[in-house]
Amino acid sequence: MSTKSPAAVAWTLPPAALAIFLRELRAEFRTRELLNTTVVFVLIIVVMFSFSLNPSAQQAREFGPGLLWLAFLFAGSLMLQPAFTRELASDTISSLRMAPIDPSAILFGKVAANFFFLTFAEWLMLPVFGVLFNVPVWPVVGPLAMVLGLGTLGVCVAGTAFSAMTAQARLRELLLPLLLLPFLAPVLVAAVDATSGLFAEVPELRFTPLKILAAFDVIFLTAAWLLFENLIEE
Amino acid sequence: MRGFGNVAGAGVVAALLGVAGYAVFFVAPQEVSMGDIQRIFYVHVASAWTSFVAFFLVFLANIAYLWRRQLHWDWLAVSAAEVGVAFCSVVLVTGPLWAKPVWGIWWTWDARLTSTFVLWLLYVSYLLLRSLLPDPARRATISAVFGIFTFLDVPLVYMSIRWFRTQHPQPVIAGGEGSGLDAVMWQVFLVMWTALLALMARLVWQRYRLESLRHQVDELSFGLRAG
């Protein structure tokens, strides 16, 4: 935590985090390389899956939610990679460190930006997925947005923190998915369960998995907020 | 003096393990429905509990490191993590050995099996992360944060995976109505658990000393190069 009083931090944190968030968006929309790559990657996984299991219409409905979330997790573990390696490569991390802001603003800004990118990619892929796997996405779009939001937030919080951890490691491109995927087991299980409920013949919103997702988000947002400073120190 | 302490310590652990092994085969009564194969329970469950203790030790050492910034907390963390993974591996190996004759299958994606497997994966990835961070101080800090994240993740893993239909026997110890362990079985189990805890403490201590010696070697060779 910074030496400033909590009140001062509370005042400066949101604008500082917003500034970081906008900076990330600006950087990304100059090239859009991260978004393009992620969308194509998710599409490839969806297609490869149907090759490998050759599901019937009924099976596609059953396996769809699991496949969808696996694709999102893989996409997340690749997409979150550059969150900090980019800063190290261009040595902008030292400018960020020196900025007169609370370090957690960097975390929250980056989590928000990653959340935005991954959500964007997910919603772009959903209609395609619905058509290819014969799943009616549109009637449950409201509850689905909630499940996707809570799950994606969990992926982005853990992924952003882990990206800061692995940025200085050897083999970091391999290491991030390796740390992230088992860690996200609760998110995967709960999100798949909730999504299966929505895609069932009679759609239902299951609350227990939503509670697990929300608990995951709250616990790790708090943990990342308290511990993040350790990850970017020199 | 240190040599004598080592031998004595190892002797105590070996004696405890011998007593526990004898108790498992000759003192514990035969289980009614499963027969002799149930005796694997003493090693299986006691190893599981021992690995939980080791992982809790990792968590405490992680917090202590972030708080005090003394490298010896990091040595304790890595030692306990390695030993915890070893005990967790014993659980994962003895489980299928027990399951095959009783359930007829080696493995099933049941709640407790799956979550133990994820637990094992999490601490293996903790060790992998450490091995790929070259600088000792950075390694200690980053892995301490990851260790705390991991420990917080464990209850969520267990809760979320509980939805899978469970095939594993319900908790026999403190499981609720109708569950319960024969008094002699309990005693044998506690003897085994004590022996395994002693073994764990012994291994962690040895591993800790190794880490501390490594650190001394690093310092000396750094001093030589600098001089």
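**Exercise 1.** Is the crossing of helix 3 of chain B and helix 5 of chain B left-handed or right-handed? Work out how these helices sit against each other, too.

*Solution.* Keep in mind that this is a predicted model.

- Step 1: find the helices. Helix 3 of chain B covers residues 71-103, and helix 5 of chain B covers residues 136-161.
- Step 2: look at the geometry. They pack at an angle of about 55 degrees, with axes 10 Å apart.
- Step 3: classify the angle. Angles of 65 to 115 degrees would be roughly perpendicular and those under 35 roughly parallel, so helix 3 and helix 5 of chain B count as oblique to each other.
- Step 4: get the hand. The crossing of helix 3 and helix 5 of chain B is left-handed.
- Step 5: see who meets whom. Helix 3 of chain B brings Leu71(B), Asp74(B) and Ala77(B), while helix 5 of chain B brings Pro136(B), Ala140(B), Ala144(B) and Gly147(B). By class, that contact has five nonpolar, one polar and one charged residues.

**Exercise 2.** Which residues have the most contacts inside the largest nonpolar core?

*Solution.* 

- Step 1: take the core, which has 129 residues. Its largest share, 13 residues, comes from helix 7 (residues 141-166) of chain A.
- Step 2: pick out the residues. They are Ala80(B) and Met192(B).
- Step 3: check the neighbours. Among those that Met192(B) touches are Ala20(B), Val24(B) and Tyr42(B).

Technical notes:
Residues are numbered from 1 along each chain as its sequence is written. Chains are lettered from A and ligands numbered from 1 in the order in which they are written. This is a predicted model: local features need pLDDT of at least 70, side-chain atom pairs count only at pLDDT 80 or more; totals for chains, interfaces and linings use all residues. Axes are lines fitted to C-alpha atoms, for helices over the stretch in contact, and angles run from 0 to 180 degrees between N-to-C directions. Helices (H or I, at least four residues) and strands (E, at least two) are DSSP runs, numbered from the N terminus. Angles under 35 degrees count as roughly parallel, over 145 as roughly antiparallel, 65 to 115 as roughly perpendicular and the rest as oblique. A crossing is left-handed if the near helix is turned anticlockwise from the far one by less than a right angle, and right-handed if clockwise. Two residues are in contact if their C-beta atoms, placed from the backbone, lie within 7 Å. Ala, Val, Leu, Ile, Met, Phe, Trp, Tyr, Cys and Pro count as nonpolar, Asp, Glu, Lys and Arg as charged, and the others, Gly among them, as polar. A nonpolar core is a set of buried Ala, Val, Leu, Ile, Met, Phe, Trp, Tyr and Cys residues joined through C-beta atoms within 7 Å. A residue is buried if 20 or more other C-beta atoms lie within 10 Å of its own, exposed if 12 or fewer, and partly exposed in between; C-beta atoms are placed from the backbone. Lists of a residue's contacts leave out its neighbours within four places in sequence.
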